[in-house]
Amino acid sequence: MRRPRRPLFLARLPYRRRRLRDAARLLPVFGGFLFILPVLWAPAAEPGAEAGARLLSSDVVYFFGVWAGLVAVSAAFAPGLATTQDEEEED
Amino acid sequence: MGREVLLIEDEENIAEAIRFILTRDGWQVVHLAEGRGAARRAAELMPAVVILDTMLPGASGLEILAEMRSNLLTAHLPVVMLTAKSQPRDREAAERAGADRFLAKPFANADILAVVRELAAGRKTGLGPSGGAAVA
Amino acid sequence: MPFNLLVLACLAYVVFLFCVAFWVERRAYAGRFGWLRSPLVYTLSLSIYCTAWTFYGAVGYAARSGMEFLTIYLGPTLVFIGWWWVLRKLVRIGRKHRVTSIADLISSRFGKSNALGVVVTLMAVVATTPYIALQLQSVVLSFGVFSNAADSLDAGQTAIWVAGGLAVFTIIFGTRNLDAQEQHHGIVTAIAVEAVVKLVALLAVGIFVVWGLAGGVGAMLDRIDASELSAWTMQPGRWTGLIFLSAAAVICLPRMFQVMVVENADEGHLATASWAFPAYVLAMSLFIVPIAVIGLERLPDHANPDMFVLTLPLHEGQNALAMLAFLGGFSSATSMVIIEAIALSTMVSNHILVPGWLRLRPQAAVADDLRGVVLNARRLSIAAVMAMGYGYYQLSGGSAALASIGLIAFAGVAQFLPAMVGGIFWRGATKAGAMAGLLIGFVTWAYALFLPSFGPDAVLSASLLAEGPWGVTWLRPQALFGVAGMDPLIHAIFWSLMLNGTAFFVISVLTFPSPVERLQGAAFVNVFDEGSGAPRRWSRGEAEPEELLVMAQRILGDEEAQVLFESEARGQGKTQSLLPDPTPEFISTLEQRLAGSVGAATAHAMISQLVGGAAVSVGDLMALASESAERAEHSAQLEAQRAELARTAGALREVNEKLTRLSVQKDAFLSQISHELRTPMTSIRAFSEILAEGDLPPEMVARNGRIIHEETKRLTRLLDDLLDLSVLENGKVTLSLTLSNLRDMIDRAIQASEQVKPEREVVFRRDLMRENIFLRTDADRLTQVFINLISNARKYCEAEFPEIRINLRMRGGRVIIDVIDNGRGIPKDAQSTIFEKFTRLPEEGRAKGAGLGLAICREITENLGGTIAYLPGQGGAAFRLILPLRLDLGAQGQGG
């Protein structure tokens with residue numbers, strides 16, 4: 001049964017869902033940027049050159065940190081996206 | 001012409017009973033067990049009376065009657081309709097289609113004999129009195 | 001560790017997987033899915049992305065190239081957390097169109113072109129066969145680590161045992177059912193178990209290394225910085241290119257497509273997998289660097305870094321851990337090979353073998369048992385894929401060429417990317433464009449990457465590699481168009497995808513798609529718009545439903561097809577008939593179901609054989625277009641209101657029709673009863689009057705008396721039937737439930753019906769073994785149903801050598817009994833009314849009986865909690881009886 005409801009209240013939920021979808025679409029772009037970012041850094045510890053070089057261990061920590069962060073954010077999004085599966089798609 | 005009766009009835013036992021009753025009274029009974037080709041047979045035979053069952057395999061009694069009435073040769077042949085349905089609607093349909101008499105099953109032997117005799121006698125004058133004692 | 005123990009553990013593990021798969025298949029068959037269809041199992045099954053190449057090779061990769069191994073897992077991570085873009089659409093399309101493989105997806109999108117299907121299939125086979133060989137090699141290598149000189153196995157022999165075993169396993173569990181959409185629960189669960197094993201194994205080795213050998217996280221990080229790995233420098237081109245490549249591969253790999261799209265049981269699972277799968281690969285790669293670092297530190301210089309996962313625990317004397325690691329690697333290799341073989345064999349059989357067979361024998365579509373053909377084609381393909389993997393291993397076994405084959409395969413399958421992604425997002429993509437892109441990309445890949453990978457002078461001569469064909473330097477395989485000095489892998493990926501994408505786009509823009517292509521394109525691109533998903537492809541009513549059923553039975557199997565047709569008939573509001581009307585919607589549904597078994601192109605070809613050509617015209621397209629335009633004009637509100645009104649009006653009309661029908665039925669019923677009663681009474685009255693006259697010869701008296709007696713019996717029988725029917729219809733019947741043997745009931749019924757036309761010799765074909773079951777039901781009533789059915793068959797089957805077949809099988813808690821004769825069957829227009837009271841077939845005439853037999857049958861079965869229906873398409877008249885095995889009185893009278 002569809003009957004008109006108060007528009008202000010009605011619009012909130014779908015609006016939130018759409019923004020969540022936008023966020024979900026943007027997440028891989030953001031993640032891709034973070035994964036490729038190290039390309040721009042100074043090369044990691046070159047053989048022989050000690051000064052100012054980054055350590056491999058910090059690279060490892062960086063990548064796995066970003067990775068875990070992406071998984072966490074994605075996990076936070078997933079339930080909200082899954083429930084909107086059957087509703088009308090695309091804005 | 002003559003004393004021939006065309007009987008179109010698919011129930012064997014009923015046909016046998018009618019044949020027995022009429023034969024004893026001097027009629028020659030020609031029996032057909034199904035509706036297909038019945039109207040043509042009537043035109044060939046030109047019997048004194050046609051006894052026609054309503055529910056027949058092949059073609060229904062009403063269809064046969066309509067076919068007979070549309071043929072000049074058989075249009076005036078006296079027809080008795082037999083029916084096992086009791087509803088007034090069936091009777092009206094039979095009368096509209098041009099049946100001269102209407103006998104509901106089960107009928108008395110005397111009734112069918114009387115109807116055949118009466119129709120055969122009144123044949124020249126076209127339609128006999130409708131209704132009548134014979135009609136149940 | 002004794003080598004025999006290893007083989008024993010391996011065998012025990014395989015037997016265990018067998019049991020898991022078998023148990024799950026049984027559960028699924030019984031309809032108890034439960035956790036079988038959980039997001040967890042789905043996510044774990046996706047882990048076949050991590051093959052032995054990950055399990056063993058990643059450590060070696062890290063030891064050689066530092067952090068670069070991460071790219072292989074970062075790409076898929078991005079694809080999965082971005083599932084809202086591509087994966088969601090792929091899975092929806094896959095489910096809606098019952099896609100069986102990636103070749104089927106591309107062929108189906110571009111107008112169900114089988115040529116495209118063939119090309120994609122061949123490309124997939126060429127690109128992934130070496131990959132299968134790589135898995136075999138890893139198993140052989142890992143065996144080699146354990147075996148010592150005394151009892152070492154011949155490597156080739158190990159490989160052949162592994163390949164053969166996997167082929168058997170895959171054939172047993174991969175080709176049980178035909179419909180690719182609904183199957184492989186056993187395999188998928190076994191894969192999920194293997195996913196757990198490999199994760200646990202790798203984590204165990206990692207934890208042992210970090211806390212057991214390195215002394216904690218802090219110490220580990222120090223050792224990482226101190227190791228030779230820190231000499232690694234990031235090459236921006238390779239880094240970015242490989243992330244992109246692995247992202248493309250995770251969508252395009254046939255095995256990934258198989259588990260991700262084809263085996264997907266519920267779209268909602270994708271939401272869970274979107275984070276759980278990245279988490280899984282993260283866990284898999286977490287300890288790669290520590291294992292590589294400690295391995296380089298502790299093991300002798302000549303040790304193969306690819307085997308560190310095994311050799312490190314062995315070296316430290318941790319035999320149990322090494323065994324676990326071995327099983328983990330074994331799991332990775334076997335699960336990949338099994339799924340890859342299923343995916344490839346589906347493609348090979350659906351796009352090459354079956355269409356070829358149908359082309360050789362066009363009449364086979366309706367004439368033969370296609371189901372068996374397709375299943376055998378699939379089994380054959382699995383064996384062939386395995387044999388090819390083994391053959392490739394033998395040819396190039398142990399060579400360095402295998403080490404890089406993972407990335408080469410990735411680059412090969414990535415050629416599907418433009419056609420696939422372009423196809424589902426861009427309506428302008430055409431078949432010619434897809435074909436051009438695929439071919440150019442494939443040729444470039446083969447020329448610039450695949451063939452050179454065998455090494456100089458193996459396939460391509462050294463001079464060709466160095467100077468280009470005929471000395472044309474800008475055609476040098478690893479420096480196309482003069483781009484020299486690039487990393488060969490990145491060079492090949494860049495050029496192949498570049499040329500592929502360009503050709504795809506340019507040719508698509510220049511060519512014009514056929515109507516079917518345009519319809520399919522619209523259906524794929526707009527898959528989320530309700531309604532346009534299954535476009536009308538067929539014009540109405542040219543196919544005989546019975547022929548369609550016969551064909552569907554040959555592909556889906558009798559039971560599947562009948563269930564489908566029945567539910568469709570119910571959907572059309574037909575309660576008695578099993579045959580739905582051949583509406584365009586129904587034919588489209590049927591086509592999609594068939595496509596789930598034999599692929600879209602073949603299904604389309606077969607249906608058009610019966611329906612009379614693909615009936616898509618430009619006019620249809622215009623109609624479709626204006627329909628959607630119209631839809632857009634109306635607001636959702638208006639639409640909803642109109643639908644509501646239409647529904648109400650429809651409901652009212654239905655009720656009205658039903659009332660009218662009931663009243664007409666009641667009149668007709670009374671009139672019929674009157675007729676049936678009066679007919680025998682007429683004879684009785686006439687003959688009794690004749691007898692009453694009293695002047696008959698004795699033999700006439702006797703004869704008339706017999707006729708009267710016969711007619712009285714007929715009258716009594718009729719009254720009995722009527723009373724019976726009225727009691728049954730009102731549900732007031734008292735059933736005496738007992739546990740009775742079905743075979744006994746059928747025996748009794750056959751005996752009782754022998755009095756009908758006793759002169760006829762009727763042959764019964766029964767399955768006495770299966771009939772020997774006990775039903776909790778009312779035995780007398782049920783026997784009556786069998787008597788009626790068998791008597792009818794005896795009475796009306798006009799075959800010269802009449803034969804009555806009684807088939808039986810169980811489904812769920814019900815037993816299905818088919819009673820089939822070999823006569824002419826019941827004409828289609830009469831099938832819907834035979835269960836009504838007083839229905840007789842036209843030619844039946846005034847045979848004995850009042851036409852109440854089947855009506856009584858129906859009432860009895862409904863009282864017994866079952867159903868009875870006419871089963872079309874069986875050759876003769878056929879009736880299907882479905883009864884509960886255990887009738888419980890609470891459900892009594894409620895019917896089916």
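What share of the contacts in chain B with a separation of 6 or more is accounted for by residues 24 or more positions apart?

**View 1. Chain B and its order of helices and strands.** In this predicted model, chain B has 5 helices and 5 strands, and reading along its sequence gives the pattern β-α-β-α-β-α-β-α-β-α. Residues 24 or more positions apart account for 59% of the contacts in chain B with a separation of 6 or more, which answers the opening question. Of the 136 residues in chain B, 43% are buried.

**View 2. Chain C as a whole.** The secondary structure of chain C comes to 36 helices and 7 strands, and 49% of its 896 residues count as buried. When the contacts in chain C between residues at least 6 apart in sequence are considered, 79% of them join residues at least 24 apart.

**View 3. Helix α2 of chain C and what covers it.** Helix α2 of chain C runs over residues 39-46, and because 6 of its 8 residues are buried, this helix is largely enclosed by the rest of the structure. The buried residues in α2(C) are V41(C), Y42(C), T43(C), L44(C), S45(C) and L46(C). Their cover includes three helices of chain C, namely α9 (185-214), α12 (254-262) and α13 (268-286).

View 4. F22(C) lies in helix α1 of chain C, which spans residues 3-29. Because 14 other C-beta atoms lie within 10 Å, F22(C) counts as partly exposed, a class that falls between exposed, at 12 or fewer such atoms, and buried, at 20 or more. The C-alpha atoms of F22(C) and I172(C) are separated by 9.6 Å, although the two residues are 150 residues apart along the chain.

**View 5. Where chain A touches chain C.** Here 36 residues of chain A are in contact with 35 residues of chain C. On the side of chain A that touches chain C, α1 (7-36) and α2 (56-83) of chain A each supply at least two residues, and α2(A) gives the most, with 15 residues. The residues of this side of chain A divide into 24 nonpolar, 5 polar and 7 charged.

**View 6. The annotated segment of chain A.** According to an unreviewed UniProt entry, the annotation "transmembrane region" covers residues 60-82 of chain A.

Methods. Residues are numbered from 1 along each chain as its sequence is written. Chains are lettered from A and ligands numbered from 1 in the order in which they are written. This is a predicted model: local features need pLDDT of at least 70, side-chain atom pairs count only at pLDDT 80 or more; totals for chains, interfaces and linings use all residues. Two residues are in contact if their C-beta atoms, placed from the backbone, lie within 7 Å. Helices (H or I, at least four residues) and strands (E, at least two) are DSSP runs, numbered from the N terminus. Ala, Val, Leu, Ile, Met, Phe, Trp, Tyr, Cys and Pro count as nonpolar, Asp, Glu, Lys and Arg as charged, and the others, Gly among them, as polar. UniProt positions are given in the numbering used here, feature names are shortened, and annotations may be inferred rather than shown by experiment.
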